[in-house]
Amino acid sequence: MKYLSTRGHAARPEFCDILLGGLAPDGGLYLPETYPQVTRAELDAWRGLSYADLAFAILSKYITDIPAADLKAICDKTYTADVYRFVRPGDNAADITPVHWLEAGRFGLLELSNGPTLAFKDMAMQLLGNLFEYVLDKRGETINILGATSGDTGSAAEYAMRGKHGVTVFMLSPHGKMSPFQRAQMYSLQDANIYNIAVTGMFDDAQDIVKAVSNDAAFKAKYKIGAVNSINWARVAAQIVYYFKGYFAATKSNDEQVAFCVPSGNFGNICAGHIARQMGLPVSRLILATNENDVLDEFFQTGVYRPRKAAETQVTSSPSMDISKASNFERFVFDLVGRNPQRVAELWKSVDAGGTFDLAASGEFADSRNYAFVSGRSTHADRLATIRQVFETYGTVIDTHTADGVKVAWDCADSVPAGVPLLVLETALPVKFAETIREALGREPERPAELDGIEALPQRVEVMAPDVDAIKRFIVQHLEA
Ligand SMILES: *Cc1c(COP(=O)(O)O)cnc(C)c1O
């Protein structure tokens, strides 16, 4: 399988060549040249597979430059009941992503938050950690991952990369701005290849430092600085798998359809759902849910894409969806405009300059009907009401992001044909967002016993001023030590 850039760059790299990098040289995102089509015979054969075997079956269509036996071993090592062990009581960890039915056979949660950091980013990031180690070992290379996080992404990256040969992680977080639980999750890691740096500033200050360091091309090359951001193709590819797994769990035969509702921020998760559908998975609807930061809902309602300014981006109680522009959205628009890279380059010329585009005015939005998307938005008040209603009706406590999904799934239920099961993707466990659970239910969310008292564990974190040069010195010192 060869990969192309959404903006038309001539190179056609293979999977391992784009694994460790970010954007294509022309600023575009990588996509496979074609979406492999899944035959009915394959779907029938896949229905009974374990998660790891299903991951291998799907990923081997996209990863053709790793020998099959090695890729199989990587999938087997990644998707184990031991890694994804935080399933809800009564659900089977061996399923990796079990469906937790709220209404049997009709309405359920696809549990994606069973990994070490209790959020769906572990689904892809754990695979990424093993792929990085494999490719770096093969090539005799190393990489130093520099990132900024306000919570989920950074901790998922650290738990994926801890102890991996060839990989060192420098993760910046805003000092004192994360919840005690989130801090404990990250800072209690004692692995020698993980460095936590708490920056005395806001998340944006941390992000600016990462940008400044990455823009220093000489430093970046000399110290092999890389990233694991959400535009990484391997992350999207890994996420395709659980749409198939959820489909098989919710249906008895491959003649049936399923609808998915996805709490969305950077469009990475639902982009994988779109690709699963393009491969031939019988998906009747992809329901996109946003919080108050509704740039994507606005697009699917109107055809206008209007990224927000930083000052317009709201801090909400579903913080992992607080985005101003959706970094993976370009992949979907590429398909929507007929896979025309010149057109994408033209649209993003405007976006990258702070502008907007309107695909309704150009007539191209009409084609979005072919892609099964509908959308809605949710607010803090909706989250509280939804968490309460789900608890009162079904006895299940859901997190704030999943609550955005359930709220919008209810709003959009009419768009799902009768008899089609609707799965809301559960993107985090409630214990990560305890403050809002207390506000909604007046009680503490359940915490997996294993994580009792993690706040009291010794922490390994360097507190530093938001000073680019000081942080560069810290990196150099620790790499050369
Ligand atoms: C990252 C994240 C999301 C948003 O996913 P995207 O792939 O960015 O759309 C939603 N919920 C949680 C809990 C997350 O961590």
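# Close-up views of a predicted model

**View 1. Helices α13 and α14 cross with a right-handed sense.** The model shown here and in the views that follow is predicted. Helix α13 spans residues 329-336, helix α14 spans residues 341-352, and their axes come within 9 Å and cross at roughly 135°. At that angle α13 is therefore oblique to α14. The α13 side of the contact consists of F329, E330, V333 and F334, which meet P341, V344, L347 and W348 on the α14 side. Sorted by class, the residues joining α13 to α14 comprise seven nonpolar and one charged, with no polar residue. An α-helix has 3.6 residues a turn, so residues three or four places apart point the same way.

**View 2. R339 sits in the loop that links α13 to α14.** The backbone of R339 adopts a positive phi of about 55°, although R339 is not a glycine. Is R339 buried, partly exposed or exposed? Its relative accessibility is 24%, so R339 counts as partly exposed.

**View 3. Helices α15 and α16 cross at roughly 85°.** The axes of α15 (residues 380-394) and α16 (residues 400-411) come within 9 Å. From α15, the contact involves D382, R383, T386, I387, Q389 and V390. From α16, the contact involves T400, A403, D404, V406, K407 and W410. In this contact of α15 with α16, five residues are classed as nonpolar, three as polar and four as charged.

**View 4. Helix α6 is largely enclosed by the rest of the structure.** Of the 10 residues in α6 (residues 152-161), nine are buried, and the helix is for that reason described as largely enclosed. The buried residues are D152, G154, S155, A156, A157, E158, Y159, A160 and M161.

**View 5. The side chain of S113 lies beside backbone atoms of E426 and A428.** S113 is placed in the loop between β4 (107-111) and α5. Its relative accessibility is 0%, and S113 therefore counts as buried. A polar atom of the S113 side chain lies 2.9 Å from the backbone oxygen of E426. A polar atom of the S113 side chain also lies 2.9 Å from the backbone nitrogen of A428. With neighbours within four places in sequence set aside, the residues in contact with S113 are L118, A119, F120, E426, T427, A428 and L429.

**View 6. The side chain of T316 makes a polar contact with the side chain of D322.** T316 belongs to the loop between β11 (304-305) and α13. Its relative accessible area is 12%, so T316 is buried. The side chains of T316 and D322 approach to 2.7 Å in their polar contact. A polar atom of the T316 side chain lies 3.0 Å from the backbone nitrogen of S318. Apart from neighbours within four places in sequence, T316 is in contact with N291, E292, N293, D322 and R383. R383 is also one of the α15 residues that contact α16.

**View 7. A372 is a residue other than glycine with a positive phi.** The phi value of A372 is near 70°. A372 is found in the loop between β12 (357-358) and β13 (373-377). With a relative accessible area of 5%, A372 is buried.

**View 8. T80 and A94 are 7.0 Å apart in space, C-alpha to C-alpha.** In sequence, T80 and A94 are separated by 14 residues. T80 lies in the loop that runs between α4 (68-78) and β3 (99-103). The relative accessibility of T80 is 24%, so T80 counts as partly exposed.

Technical notes:
Residues are numbered from 1 along each chain as its sequence is written. This is a predicted model: local features need pLDDT of at least 70, side-chain atom pairs count only at pLDDT 80 or more; totals for chains, interfaces and linings use all residues. Side-chain values use heavy atoms; hydrogens and water are left out. Axes are lines fitted to C-alpha atoms, for helices over the stretch in contact, and angles run from 0 to 180 degrees between N-to-C directions. Helices (H or I, at least four residues) and strands (E, at least two) are DSSP runs, numbered from the N terminus. Angles under 35 degrees count as roughly parallel, over 145 as roughly antiparallel, 65 to 115 as roughly perpendicular and the rest as oblique. A crossing is left-handed if the near helix is turned anticlockwise from the far one by less than a right angle, and right-handed if clockwise. Contact means heavy atoms within 4.5 Å. Ala, Val, Leu, Ile, Met, Phe, Trp, Tyr, Cys and Pro count as nonpolar, Asp, Glu, Lys and Arg as charged, and the others, Gly among them, as polar. Buried means under 20% relative accessible area, exposed over 50%, partly exposed in between (1.4 Å probe, protein chains only). A polar contact is a pair of N or O atoms within 3.5 Å; within protein, one must be able to donate a hydrogen and the other to accept it, and residues adjacent in sequence count only if both atoms are side-chain atoms.
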